[in-house]
Amino acid sequence: MYNEPLYFNTAFLLHSIDAWEQDRKERFNLTSLTESFHESVPALDFIDWQITAVERGYAETMLPLIPNSSNQYIAHQGPLMLLAAEYTGGLALTSLFHLVPIIGFWPSIDNNAGYMWGAKASIKWLTPSCHNLTCKARIEKDKWEGLAKRFANSNKVVVTIPVKMFNGEQLVAVADFTYWAQDINGLKRNAFDVEKIDLLYAHKTKTTAKLIVGLRAIEQEKTVEKRRFDDPYAFMLAGKHGITLARRFSIATPQLQNMVAARTVHLDEAVIQFSQEKSTFNVVNIGAGYDCRFWRLSIENAFIYDLDLPVMLNERKRIFDYSKKNTIRNIEIDLEIQSIDTVLREINSFDPSLPTFFIWEGGSMYFRDENIDTIFTSIIKIMPQGSCIWFDYVSAALIEDTTGIKEVENFTRNMRKMGEPFINGYNDISVLAEKYHLTIQQDIHSGTVLDIEEDIYKHYGFCILRGE
Ligand SMILES: C[S@@+](CC[C@H](N)C(=O)[O-])C[C@H]1O[C@@H](n2cnc3c(N)ncnc32)[C@H](O)[C@@H]1O
């Protein structure tokens, strides 16, 4: 398959009927797009808001007059009109960015996806809305090219779009919305600099880690006898954001919490057993996120190196009292451009001759082949005898959308909509093991860990690879 970007002239894409027909077909099926908006913004579902037309630079939506949206006092109806109008303007702006999935609403699979955010809004209600409300947003043609070009060059687009609201022909309200939009490539530019990182990109970076710790926190709601593991830190680490994400994802994929429980149990046991076999050892935790395994397990004979992007490590420094555990170190890394062995060798305290337990938990599914190769190649350079790598992985079928399991499809779609797509999976771990001259010590499905038979668990597993 051709994977390179296509370099069409922005003006051509904006004015070509063929380009628009392709875009309309791929992004603007109005029925499924309305459903996607309802799923992402439940309030839009509650008021039965509908997308009724989208053209280049134009969008029209409808807020029906139904009991859930009807007017008793303008205080209720006014904000609903604002809500409906805000998404209408956003759709008009989206229509200028040819084929770009906007995070939150369209599934995305790469960094060309865009973020769009409301920055400012003003609305004037002219008269009560006593019928279905039609919202119309139009961007003047002479602005199209400038906006589309800025976006295509990964620059921040800031624009104010007028939205008019009608009952039939009667104008009932007018609004102005200021939006900003940028693609992930642009947002990512300062990802390694905590002073300059884009706030939204920082938020996005933390989101999957929050989801996972949220799923661990939910385990604590079970009675002590029913808990499969104890994580007294998880609730505080997840906060309301993580718990809400975990609950939302669990509606569409109820097995998710079990899968994270299985991974926690399996890795806890593996690392405890490793610690019992060694006098001292290193742990290199790749993409540590909100993991607090070495704060909650009493493993005293390990030197822990938590690797992650600076923005995530800052979170860890904010949360934990490092004066109580001087064996835990935070190591800044961007796995897409730096290699683990080089970064660790620069740390004075790191002893590469010690047996090392590498952990790559919740990571292998997010990286491309070339990054995975860099990661494994660098690990095996600092893997003395007795070392191992633990990592979790999903099936290739999950990545290719061929499992035929509804809950799996829901999960992959939700991750893509969140802008955190799973892009890497394995059918057979032995291919990977052979490539890096490693031996499979264990390769197990999540269902086997929990003694659950259901097929879905076969698409998520854990493996331990050992050096020769
Ligand atoms: C899904 S989270 C898993 C966190 C943790 N291992 C756990 O299981 O709770 C993935 C982690 O990988 C980190 N990560 C993603 N891309 C990275 C990169 N390019 N370099 C370093 N860390 C990265 C994220 O910041 C995040 O903390």
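The following legends describe close-up views of a predicted model.

Residues are numbered from 1 along each chain as its sequence is written. In this predicted model, local features need pLDDT of at least 70 and side-chain atom pairs count only at pLDDT 80 or more, while totals for chains, interfaces and linings use all residues.

**View 1. The two domains of the protein chain.** The domain assignment gives domain 1 (10–186) and domain 2 (202–466); such bounds come from an automatic or database domain assignment. The centres of domain 1 and domain 2, taken over C-alpha atoms, are separated by 38 Å. Nine residues from domain 1 and seven residues from domain 2 make the contact, where two residues are in contact if their C-beta atoms, placed from the backbone, lie within 7 Å. On the side of domain 1 that touches domain 2, six residues are nonpolar, three are polar and none is charged. In this classification, Ala, Val, Leu, Ile, Met, Phe, Trp, Tyr, Cys and Pro count as nonpolar, Asp, Glu, Lys and Arg as charged, and the others, Gly among them, as polar.

**View 2. The shell around the ligand.** The ligand is surrounded by 20 residues, of which the closest are Gly287, Gly289, Leu335, Glu361 and Gly362. A residue is near a molecule or strand if its C-beta atom, placed from the backbone, lies within 6 Å of it. Helix α8 (residues 199–219) supplies the largest share of this shell, five residues. Helices (H or I, at least four residues) and strands (E, at least two) are DSSP runs, numbered from the N terminus. By class, the shell holds nine nonpolar, six polar and five charged residues.

**View 3. The packing of α8 with α9.** Helix α8 packs with helix α9 (residues 234–252) at an angle of about 95°, and their axes are 6 Å apart. Axes are lines fitted to C-alpha atoms, for helices over the stretch in contact, and angles run from 0 to 180 degrees between N-to-C directions. The two helices, α8 and α9, are therefore roughly perpendicular to each other; angles of 65 to 115 degrees count as roughly perpendicular, under 35 as roughly parallel, over 145 as roughly antiparallel and the rest as oblique. Residues of α8 that meet α9 include Lys210, Leu211 and Val213, and among their counterparts in α9 are Ala234, Phe235 and Leu237. The contact of α8 with α9 has 13 nonpolar, three polar and two charged residues.

**View 4. The crossing of α8 and α10.** The axes of α8 and α10 cross at roughly 90° and come within 9 Å. Helices α8 and α10 are therefore roughly perpendicular to each other. Ile212, Leu215, Arg216, Ile218 and Glu219 in α8 meet Leu256, Gln257, Val260, Ala261 and Thr264 in α10. This contact of α8 with α10 comprises six nonpolar, two polar and two charged residues.

**View 5. The seven-stranded sheet.** Seven strands, in the order β9-β8-β7-β10-β11-β13-β12, form an open sheet with mixed pairing; two strands pair if DSSP finds at least two bridges between them. Strands β9 (328–332) and β12 (439–445) lie at the edges, each pairing on one side only. Strand β11 (residues 388–394) runs antiparallel to strand β13 (residues 460–466), and seven bridges join them. Tyr393 stands opposite Gly461 in β13. Helix α10 (residues 256–277) lies across β7 (281–286), β8 (302–308), β10 (356–360), β11 and β13, and runs at about 15° to β13.

**View 6. The six-stranded sheet.** An open sheet with antiparallel pairing is formed by six strands in the order β1-β2-β4-β5-β6-β3. At its edges stand β1 (50–55) and β3 (114–125), each with a single partner strand, so one side of each is left without a neighbour in the sheet. Strand β3 and strand β6 (residues 170–183) run antiparallel and are joined by 11 bridges. Trp117 has Trp180 in β6 as its bridge partner. Helix α6 (residues 141–152) packs on the sheet, where α6 touches β3, β5 (157–167) and β6, and its direction makes about 130° with that of β5.
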